[in-house]
Amino acid sequence: MKRILFIIVILSMGIVAGCSPTFIFGNEEAEPRSEPAINPYTVPPNFIPQAVILTALGDSLSQGVGDTENLGGYTGRIAAEIRTWQGIEGVAVENTAKRGRRSDQLLAMFQQGELTGPVAEADYLTMTIGGNDVMRIVKRDLFSLNMEAFADELILYENRFDTIFTAIRDINPNAPMIVMGIYNPFSLITDEVEEFDQIIASYNDAMQERAEQDPQACFVPVSDLFAGNKNLVYHSDFFHPNSKGYDLMTERILERMEECGLSYQE
């Protein structure tokens, strides 16, 4: 599909040679007319073709679980925004995300080649991953939670995340990639969440550090949007965003895309 997305037809321009004859005025010979210099055309870094493919990777947040308006979560909302950009005739969404997916499962999909096609075709990539990695420890050690378990898992998560990121860029080096942070859903049920806030912050810091190494990637923090439920952003499962939560995520994504230079500019 790339062949229909990034083809730019450059029409050749005729070059006036300027081959005027040499004239003699007295004893002085006129200097030959110099050929005009034409600089090679460079494709603007923010060029976007008329049709766009948006590929979503990761877990339930990219899938859009909890969106009672059935707009596809933040992924569908971003696609709708891109459709309004001048020069864009259509946006196709390739949503490969799945509820409950962890980083080890996402990595396995890359290793097995399951995501090669969707990633290769993408003009924009979005990804949420990590929340279920944290929740796996919570479920496993529910009655004996300690910071060391999360710290140990973080080391493994960082390695997997880096490998996933590298795999994406091996397949598609140039597509802008939106990397979503994770949030702490336990802030909804208790104010005693300082340790969990630290854990979430550590995972977000690891993702942000890796994303900032890539000039075409943009990390989007969202933990503050889901601190408590004053804004009524949670679905009835008290874990996933509701439609308002996805609205706020989308606003934050668009702000960050502008700051990261990944928005379309006329």
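**Helices, open sheet and aromatic pairs in a predicted model**

Glu251 is partly exposed, with a relative accessible area of 46%; partly exposed lies between buried (under 20% relative accessible area) and exposed (over 50%), for a 1.4 Å probe and protein chains only. The model is predicted: local features need pLDDT of at least 70 and side-chain atom pairs count only at pLDDT 80 or more, while totals for chains, interfaces and linings use all residues. Residues are numbered from 1 along each chain as its sequence is written, and side-chain values use heavy atoms, with hydrogens and water left out.

Glu251 belongs to helix H9; helices (H or I, at least four residues) and strands (E, at least two) are DSSP runs numbered from the N terminus. Glu251 and Tyr74 are separated by 177 residues in sequence, but their C-alpha atoms are 9.1 Å apart in space. Helix H9 (residues 243-260) lies across strands S5 (124-128), S6 and S7, and runs at about 140° to S7. Such angles run from 0 to 180 degrees between N-to-C directions, with axes fitted to C-alpha atoms, for helices over the stretch in contact, where contact means heavy atoms within 4.5 Å.

Strands S5, S6 and S7 are part of an open sheet of five strands, in the order S4-S3-S5-S6-S7 with parallel pairing; two strands pair if DSSP finds at least two bridges between them. Strand S4 (90-95) and S7 stand at the edges with a single partner strand each, so one side of each has no neighbour in the sheet. On average, neighbouring strands are turned by 20° against each other, direction ignored. Strand S3 (residues 51-58) is joined to S4 by six bridges, and Thr55 stands opposite Glu94 in S4.

Helix H8 (residues 194-211) comprises 18 residues. Its buried residues include Phe196, Ile199, Tyr203 and Met207. Seen down the axis of H8, the buried residues fall within an arc of 150°, so they line one face of the helix; the arc is that of the directions from the helix axis to the C-beta atoms. The face turned away from this buried side carries the exposed residues Glu194, Glu195 and Glu209. The cover over the buried residues of H8 includes helices H6 (131-140) and H7 (147-171) and strands S6 (177-180) and S7 (217-220).

Tyr203 also forms one aromatic cluster with Tyr157, Phe161 and Phe165. The structure holds eight aromatic pairs. One of them, Phe226 and Tyr234, is edge-to-face, at 5.7 Å centre to centre and 70° between the planes. Rings of Phe, Tyr and Trp (its six-membered ring) pair if their centres lie within 6.5 Å; planes under 30 degrees apart count as stacked, over 60 as edge-to-face and the rest as tilted. Both Phe226 and Tyr234 are buried.

Key:
Expected span 1.5 Å × (residues − 1).
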